[in-house]
Amino acid sequence: MTPTDRPGRRHGPAPWSDLSRPPLHETALRRALVRPGGLWTSLDLVQETGSTNADLAARAEELPEGAVLVAEEQVAGRGRLDRRWTAPARSGIFFSVLLRPTAPVERWGWLPLLTGIAAASAVSRIAGVDTGLKWPNDLMVTVGSEERKAGGILAETAGGGIVIGVGINVSLRADELPVPTAGSLGLAQAAVTDRDPLLRAVLRSLEEWYGRWQGADGDAAASGVQAAYAAGCVTLGRAVRAELPGGEALTGEAVALDGEGRLVLATVDGVQRPVGAGDIVHLRPDGPPEGSRQE
């Protein structure tokens, strides 16, 4: 996807037009996160762009590992399966990072899951909101008595590395929700909705988990990534429907994550089938599915 505007070009309201949504502090973030010997080598903040993933992917060949691009607003943000991810300016955390793993490429599929662990643990710690992981890449919070999607992760290879994008709804209000199944930290009664400490915490957590995984040569079991994801995954133990590429649908109980990060379903005919790609819908014992799509 090509960004609709030159990064950094400002449209719409000025940063301080909504006092409940102050701008991020680029200099302070860079000072806190970019340091000698650390993973993050640069941090740039733009007011508006099409997609931070698209921008970073376009420059991946010329950038070193650890480049971070943050946007106050994305006008063409994407989720999985090319779904739109939309939110008002400064209502969330929207960023992408460039990584160049030395681990075998066949193990790179764990990186979106690893990023989910990092984001969920940081949000839970800083915002005081229990944050679960819906396989493979959704961050879930509870709004009232309902499970809602408050964030998502998108990964794509580019320039010999991998670009990972993260979007987390922070202050999104009920009347701003793109779909009824979306949520935000604010709607989940977060104790903290200041985006600066939230973004710092997520990036520091990602640096820590990525370092563990790299140190184990991408071995998800040895690095603790597999166990940590399973512990935080709200999909495991649930009845689900897997909508697979090609139109096939598979229903069963999500019983495990295998060594490749695939979701293992136990079907009614007694067969265990690993699912590596697809859309997962949580099913309630009685009543409609528990949706979590943000288009």
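Figure 1. Glu72 touches Pro23, Leu24, Leu45, Val46, Gln47, Pro88, Ala89, Arg90, Phe94 and Arg195, leaving aside residues up to four places away in sequence. Contact here means heavy atoms within 4.5 Å. Glu72 sits in the loop between β2 (67-71) and β3 (77-78). Helices (H or I, at least four residues) and strands (E, at least two) are DSSP runs, numbered from the N terminus. The relative accessible area of Glu72 is 0%, so this residue is buried. Buried means under 20% relative accessible area, exposed over 50%, and partly exposed in between (1.4 Å probe, protein chains only). The side chain of Glu72 also makes a polar contact with the side chain of Arg195, at 2.8 Å. A polar contact is a pair of N or O atoms within 3.5 Å; within protein, one must be able to donate a hydrogen and the other to accept it, and residues adjacent in sequence count only if both atoms are side-chain atoms. Residues are numbered from 1 along each chain as its sequence is written, and side-chain values use heavy atoms, with hydrogens and water left out. In this predicted model, local features need pLDDT of at least 70, side-chain atom pairs count only at pLDDT 80 or more, and totals for chains, interfaces and linings use all residues.

**Figure 2. Thr52 in helix α2.** Helix α2 covers residues 52-58 and includes Thr52. Thr52 counts as buried because its relative accessibility is 2%. Thr52 touches Leu69, Val70, Ala71, Gln74, Phe94, Phe95 and Ser96, again not counting residues up to four places away in sequence.

**Figure 3. Packing of α3 on α6.** Two packed helices are described by the angle between their axes and the distance between the axes. Helix α3 (residues 110-127) meets helix α6 (residues 225-232) at an angle of about 60°, and their axes lie 10 Å apart. That angle makes α3 oblique to α6. Axes are lines fitted to C-alpha atoms, for helices over the stretch in contact, and angles run from 0 to 180 degrees between N-to-C directions. Angles under 35 degrees count as roughly parallel, over 145 as roughly antiparallel, 65 to 115 as roughly perpendicular, and the rest as oblique. α3 passes α6 in a left-handed crossing. A crossing is left-handed if the near helix is turned anticlockwise from the far one by less than a right angle, and right-handed if clockwise. Trp110, Leu113, Leu114 and Ile117 of α3 make the contact with Val225, Gln226, Ala228 and Tyr229 of α6. These residues divide into seven nonpolar, one polar and no charged. Ala, Val, Leu, Ile, Met, Phe, Trp, Tyr, Cys and Pro count as nonpolar, Asp, Glu, Lys and Arg as charged, and the others, Gly among them, as polar.

**Figure 4. Packing of α3 on α4.** α3 and helix α4 (residues 195-215) pack at about 140°, with axes 8 Å apart. The two helices are therefore oblique to each other. α3 passes α4 in a right-handed crossing. The contact residues divide into 18 nonpolar, three polar and one charged.

**Figure 5. Packing of α1 on α4.** Helix α1 (residues 26-33) and α4 pack at about 30°, with axes 11 Å apart. That makes α1 roughly parallel to α4. Their crossing is right-handed. Leu29, Ala32 and Leu33 of α1 meet Asp196, Leu199, Arg200, Leu203 and Arg204 of α4. By class, the contact has five nonpolar, no polar and three charged residues.
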